[in-house]
Amino acid sequence: MMKSFFLRPIIWFFTGILLVSTLFACQPQQVAETPTTNTTATPIQTTAPVTDTRPIAFLDRQLSANPAQLPPLPYPYNALEKAIDAETMKLHHDRHHATYVENLNNALNQYPQLQDRSVEALLRDLNSVPEDIRTTVRNNGGGHLNHTIFWQIMSPQGGVEPTGEIAQEINQTFGSFEEFRKQFNEAGGDRFGSGWVWLVRNPQGQLQITSTPNQDSPITEGSYPIMGNDVWEHAYYLRYQNRRAEYLNNWWNVVNWQEINRRAQASRQQS
Ligand SMILES: [Fe+2]
């Protein structure tokens with residue numbers, strides 16, 4: 001009897017705690033506010049200033065999307081045999097690049113208002129492109145821009161040593177041309193899968209070696225592409241098969257330093 005007299009308040013105490021906890025647990029919990037923005041959108045990391053209007057693919061005009069057009073190769077298919085065989089050049093330009101142009105136009109046909117913007121403007125502000133065509137524009141607009149640069153920065157008169165201001169700036173930045181070429185080749189070799197290796201002027205105004213996956217353009221991150229090499233297998237597989245390093249080495253024999261100097265000069269202009 002005495003035992004029950006002492007135990008009863010303890011049981012009541014713990015029963016009370018249990019009841020209060022249960023009541024709290026049953027209260028509706030405050031949940032994070034549902035965003036009012038479109039929850040299906042998948043934003044792309046872009047850090048480019050959308051106010052940047054510098055032309056990129058060509059230096060005298062922005063790349064038109066109204067409609068996008070395949071630029072002609074500035075030399076015959078067999079002109080770059082020192083590094084790239086004619087069949088690869090033909091397939092690369094007439095099929096691969098042409099397909100990027102066609103896909104970009106097909107996507108933009110659904111949104112005619114976007115055709116008034118340049119390819120550069122679309123890539124600098126990808127999140128303003130409707131989500132259903134955003135990835136298509138990213139891949140195919142990027143492919144069109146990247147390849148348009150690529151054809152111009154190669155030449156049958158290309159040589160292995162840079163000249164002009166870019167030569168000095170490369171020496172200042174990387175120590176020597178040999179060191180620059182080594183780092184550029186390594187970055188191209190390290191790019192897993194498909195992509196590009198670039199020499200860019202970064203937003204801080206410095207020369208930098210970077211690499212991008214797929215057809216992403218450095219302009220999406222606010223850098224100015226001065227020169228780039230295509231390390232997709234379609235760029236080298238017929239002659240080099242899996243020997244990407246050999247392709248990267250030979251490619252220097254067709255690099256057009258005159259054009260790269262022009263691009264380096266354009267890259268120094270403020271956006
Ligand atoms: Fe390519």
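Predicted model: local features only at pLDDT ≥ 70, side-chain atom pairs only at ≥ 80, totals over all residues.
Biologist: Take contacts between residues at least 6 apart in sequence: what percentage join residues at least 24 apart?

Modeller: Contact here goes by C-beta atoms lying within 7 Å. Counting the contacts between residues at least 6 apart, those that join residues at least 24 apart make up 72%.

Biologist: Now for helix pairs: are α5 and α9 roughly parallel or roughly perpendicular to each other?

Modeller: Two packed helices are described by the angle and the distance between their axes. The axes of α5 (residues 164-174) and α9 (residues 257-267) come within 7 Å and cross at roughly 75°. Angles of 65 to 115 degrees count as roughly perpendicular. So α5 and α9 are roughly perpendicular.

Biologist: Which residues meet where α5 touches α9, and how many of them are nonpolar?

Modeller: From α5 come G164, E165, I166 and E169, and from α9 come W257, I260, N261 and A264. By class, the contact of α5 with α9 has two charged residues, two polar ones and, to answer you, nonpolar ones numbering four.

Biologist: Which residues of α9 are buried, and how wide an arc do they fall within?

Modeller: The buried residues of α9 are W257, E259, I260, R263, A264 and S267. Look down the axis of α9 and they line one face of the helix, because they fall within an arc of 150°.

Biologist: What do those buried residues of α9 pack against?

Modeller: Helices and strands both turn up here. The buried residues of α9 pack against the helices α4 (131-152) and α5, and against the strands β1 (195-201) and β3.

Biologist: Next pair: is the crossing of α6 and α8 left-handed or right-handed?

Modeller: The axes of α6 (residues 177-190) and α8 (residues 244-251) come within 10 Å and cross at roughly 145°. In the contact, N185, G188 and G189 of α6 meet R244, A245, L248 and N249 of α8. By class, these are two nonpolar, four polar and one charged residues. As for its hand, the crossing of α6 and α8 is right-handed.

Biologist: What covers the buried residues of α8?

Modeller: The buried residues in α8 are Y247, L248 and W251. They fall within an arc of 100° seen down the axis of α8, so they line one face of the helix. What covers them includes α6, β3 and α7.

Biologist: Is Y236 buried or exposed?

Modeller: Y236 is found in the loop between β3 and α7. Leaving out residues up to four places away in sequence, Y236 touches T88, R244 and Y247. With 25 other C-beta atoms within 10 Å, Y236 is buried.

Biologist: How far apart are the C-alpha atoms of Y236 and Y247?

Modeller: Along the chain, Y236 and Y247 are eleven residues apart.

Biologist: Which residues is Y240 in contact with, leaving aside its neighbours within four places in sequence?

Modeller: Y240 sits in helix α7. It has 19 other C-beta atoms within 10 Å, so Y240 is partly exposed. Apart from neighbours within four places, the contacts of Y240 are E246 and Y247.

Biologist: What is the phi of Q241?

Modeller: Q241 is in the loop between α7 (237-240) and α8. With 11 other C-beta atoms within 10 Å, Q241 is exposed. Its phi is positive in a residue other than glycine, near 45°.

Technical notes. Residues numbered from 1 in each chain as written. Contact = placed C-beta atoms within 7 Å. Axes fitted to C-alpha atoms, helices over the stretch in contact; angles between N-to-C directions. Helix = DSSP H or I, 4+ residues; strand = E, 2+ residues; numbered from the N terminus. Parallel < 35°, antiparallel > 145°, perpendicular 65-115°, else oblique. Nonpolar A, V, L, I, M, F, W, Y, C, P; charged D, E, K, R; others polar. Left-handed = near helix turned anticlockwise from the far one by under 90°. Buried ≥ 20, exposed ≤ 12 C-beta atoms within 10 Å, placed from the backbone. Arc of directions from axis to C-beta.
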